[in-house]
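Biologist: Please show me the model, and then let us go through it by question and answer.

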Amino acid sequence: MPNYDFELILSRPLLEAELDPLFQRTLGRVTVGFVRELRGDEKPGQAGCRWQASSLSAAIMEVIEHLECLGPAEDAPELRVLSVEADPLLSMRDIADRVGRTLESVRLSIRGTRGPGNFPASETTSSGHRLWRWSKVAGWYGVVDPQLREAGPTSQAINGWLALRDVVPQVAPAPEEVTSALTAVLSHVA
């Protein structure tokens, strides 16, 4: 079974007291930012995931279940997954690892002194480091990543399901039904 990389946006950051139960449930394959205590002004939390499953949708749904089954720490609101992003943002080091190049080779490509030029623009800056969208970088390097074919339609469908279950939970299908439907139609959509 392949490993899938994706990020989940959470309703709140995890608390330090929730880290051990998360590690036990996911064997350390989900990394999160955390806070010592909730102050009420926190931004949504994030969970970076590398999960082995039969499909991207199965991987995402399994991690959602693990996260939302964590018993909230004392005085903390319920933890909910708000959205998924399956086309990851990568650092220069991540890019080098994925394309089998040195960090210096990637740096020179970004500067335009190596390769055909026009390296994709960074999407964002996090902690002073620029991050690039994998699909754009893979295209620039000519890397064919079959998981990217799943990423767009799967993210869109699961984000729709997450929104539906928050607005009208009584009509939202079960996670297994979403995974089954995506598996059935993905070859026609991607």
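Predicted model: local features only at pLDDT ≥ 70, side-chain atom pairs only at ≥ 80, totals over all residues.

Modeller: Helices (H or I, at least four residues) and strands (E, at least two) are DSSP runs, numbered from the N terminus. The expected span of a helix is 1.5 Å times one less than its number of residues. Residues are numbered from 1 along each chain as its sequence is written, and side-chain values use heavy atoms, without hydrogens and water.

Biologist: How far apart are the end C-alpha atoms of helix α6?

Modeller: Helix α6 covers residues 146-167, which is 22 residues. At 1.5 Å a residue it should span 32 Å. The distance in the model agrees with that: 33 Å.

Biologist: Which residue pairs with Arg 165 in a salt bridge, and in which helix does that partner lie?

Modeller: A salt bridge is a side-chain nitrogen of Lys or Arg within 4 Å of a carboxyl oxygen of Asp or Glu. Arg 165 is buried (under 20% relative accessible area; exposed is over 50%, partly exposed in between, with a 1.4 Å probe and protein chains only), at 11%. Its side chain meets that of Glu 68 at 2.4 Å, N to O. Arg 165 lies in helix α6, so the pair ties together parts 97 residues apart in sequence, and the partner is Glu 68, in helix α2.
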